[in-house]
Amino acid sequence: YRTLRLASFGFLVHGTTSHWFYGKLDGYIPGKTMGPVATKVFIDQVLWNPIFGVMFFTYMGILEGSGLSGAITKVKRDLITQVTGSWTVWPIAHFINFKFVPTEQRVLYINTSQLF
């Protein structure tokens, strides 16, 4: 059932919220020069990364049967590790994303990057 949980999260939560977030981010901070790109990477990593982690752990916790209280425990226990661990990959990946990838292709780029 793990594959089904992950696929449903991707379809119902990741795709929809990421398209919304990156569309808004590009709308509020247009441009592909260093200033806007660095700002977008910073906002993505400091704001969106933890929000996304909370959504992921909560969704998975509920579908795994641990309920909301179990999901909250998981967030408290693992969120900092998830956020700081992602900083080893995603700042560089998102620099490329915001510099070279068109807005409408961002989530496809992210999903492809997650495979590696």
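Tutor: Start with a network of salt bridges that links Asp-26, Lys-40 and Arg-106. Keep in mind that this is a predicted model.

Student: What makes Lys-40 and Asp-26 a salt bridge?
Tutor: The cut-off is 4 Å, from a side-chain nitrogen of Lys or Arg to a carboxyl oxygen of Asp or Glu. For Lys-40 and Asp-26 the N to O distance is 2.8 Å, so the pair is a salt bridge.

Student: What does the pair of Lys-40 and Asp-26 tie together?
Tutor: Lys-40 lies in helix 2 and Asp-26 in helix 1, so the bridge ties together parts that are 14 residues apart in sequence.

Student: Why is Lys-40 called buried?
Tutor: Buried means under 20% relative accessible area. Lys-40 has 2%, so the label applies.

Student: And why does Asp-26 count as buried?
Tutor: Its relative accessibility is 11%. The limit is under 20%, so Asp-26 counts as buried too.

Student: How do you know that Asp-26 forms a salt bridge with Arg-106?
Tutor: Their closest N and O atoms are 2.7 Å apart. The cut-off is 4 Å, so this pair qualifies. Asp-26 is in helix 1 and Arg-106 in helix 5, 80 residues apart, and the pair links distant parts of the chain. Arg-106 is buried, as is Asp-26.

Student: Why is the pair of Arg-5 and Glu-64 called a salt bridge?
Tutor: The N to O distance is 3.9 Å. That is within 4 Å, so the pair counts. Arg-5 sits in helix 1 and Glu-64 in the loop between helix 2 and helix 3, so the bridge joins parts 59 residues apart in sequence. By this rule there are 5 salt bridges.

Student: What makes the buried residues of helix 5 a face?
Tutor: Arg-106, Val-107, Tyr-109 and Ile-110 are buried there. Their arc, seen down the axis, is within 160 degrees, so they line one face of helix 5. Their cover includes helix 1, helix 2 and helix 4.

Terms used: Residues are numbered from 1 along each chain as its sequence is written. This is a predicted model: local features need pLDDT of at least 70, side-chain atom pairs count only at pLDDT 80 or more; totals for chains, interfaces and linings use all residues. Side-chain values use heavy atoms; hydrogens and water are left out. Helices (H or I, at least four residues) and strands (E, at least two) are DSSP runs, numbered from the N terminus. Buried means under 20% relative accessible area, exposed over 50%, partly exposed in between (1.4 Å probe, protein chains only). The arc is that of the directions from the helix axis to the C-beta atoms. Contact means heavy atoms within 4.5 Å.
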